[in-house]
Amino acid sequence: MEDLYSVRMRSAKGGSHEHGGEHISGAERLVHRDVLSAVVMEMMERALQHEKGQPDFINLTVELAEAAIIRGLQALPADTLPAKNVEEGHQLAVDALTEIGVSTYAARQAVQLLKTGPSPKGGVMRGAIIMDAETGKRLEPDQHRGVRATKIDWAPETLMHWGDAVSQLGFNRPRVWEAIALAAKVVNHPCTVAELCWSDDPGYVTGYVASLKRGYLRIPHLKKPGDPLGGRVFFVRTTDFNLAAYIEYLEQTPAIINRLPDGMTKKEADLL
Ligand code: WAQ
Ligand code: MG
């Protein structure tokens with residue numbers, strides 16, 4: 001592993017996040033020095049061209065991540081569940097979550113929060129809810145901001161082989177691979193039981209349930225087109241759980257996806 005740079009972006013409208021602005025978008029990369037400037041520019045453009053609107057505040061942070069502390073992780077295998085509409089989608093999400101070990105109450109609670117807007121101020125959060133997988137209690141210190149999982153990316157060669165292997169399946173797209181990387185970091189913490197996510201972008205209705213147990217399960221309909229609500233819920237088991245250490249892992253430990261899922265070898269990827 002070499003030294004890498006963490007690049008983080010967050011944008012808002014109506015002022016900065018700290019001054020009550022509405023969150024528009026965010027993104028995180030972990031990249032080599034050679035591509036750093038290009039990635040920074042790409043991220044700036046991405047902030048300026050979001051379907052949720054033109055931000056008037058953009059924060060870009062660049063930080064060195066030393067090789068010695070970067071963790072290598074395996075990509076989650078991806079599968080798509082057959083949901084024909086939002087009702088089926090929500091039911092499949094709850095079924096998957098409960099099978100993985102989340103209580104039915106917590107699973108339903110999470111779906112309800114993302115559906116109605118998880119921020120207590122109304123609308124969406126910048127980061128994720130941390131939820132007790134048993135009781136459904138919210139544990140994140142700031143329920144409007146939430147907690148962001150950052151310092152995560154793919155090793156370029158691993159991403160290339162992954163892209164070849166899934167190209168036939170139609171999801172070799174940045175939105176999907178970025179979500180898989182984020183989910184892999186989240187579910188690799190021993191206290192994470194599962195993650196539930198769907199986008200707050202009005203045009204993107206596919207979401208997922210992720211876990212180490214079942215991998216990354218895509219669900220085609222978790223909201224109706226045009227709906228500006230969405231979010232993320234990280235379900236945790238609270239025995240031997242230290243909230244501060246958990247947040248520290250999500251926000252500070254750099255992680256690189258440098259292995260394909262079991263059974264998806266480089267050789268197979270080349271053959272497809
Ligand atoms: N850490 C924690 N929460 C986050 C992060 C992060 N790094 N990034 C976004 N969120 C939360 C935040 O509340 C957003 O409002 C919400 O998630 C949705 O973020 O086809 O595009 O970036 O396989 O809009 C899933 C891909 C796409 C499904 C999800 O989310 C597929 C997506 P978005
Ligand atoms: Mg979004």
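A polar contact is a pair of N or O atoms within 3.5 Å; within protein, one must be able to donate a hydrogen and the other to accept it, and residues adjacent in sequence count only if both atoms are side-chain atoms. This is a predicted model, in which local features need pLDDT of at least 70 and side-chain atom pairs count only at pLDDT 80 or more, while totals for chains, interfaces and linings use all residues. Residues are numbered from 1 along each chain as its sequence is written, and side-chain values use heavy atoms, with hydrogens and water left out.

**Exercise 1.** State how the protein chain is divided and how many residues are in contact.

Solution. Step one: an automatic or database domain assignment sets the bounds, giving domain 1 (4-68) and domain 2 (72-271). Step two: with contact meaning heavy atoms within 4.5 Å, 19 residues from domain 1 and 19 residues from domain 2 take part.

**Exercise 2.** Find the area buried between domain 1 and domain 2.

Solution. Step one: buried area is the accessible area (1.4 Å probe) that two parts lose on being put together, summed over both. Step two: the value is about 1600 Å², with 48% from carbon and sulfur atoms. Step three: Glu-28, Leu-30 and Lys-52 supply 37% of what domain 1 buries against domain 2, more than any other three residues.

**Exercise 3.** Count the polar contacts and salt bridges across the interface.

Solution. Step one: 9 residue pairs are in polar contact across the interface of domain 1 and domain 2, both residues at pLDDT 80 or more. Step two: a salt bridge needs a side-chain nitrogen of Lys or Arg within 4 Å of a carboxyl oxygen of Asp or Glu, and the rule finds 5 across this interface.

Terms used: Chains lettered and ligands numbered in written order.
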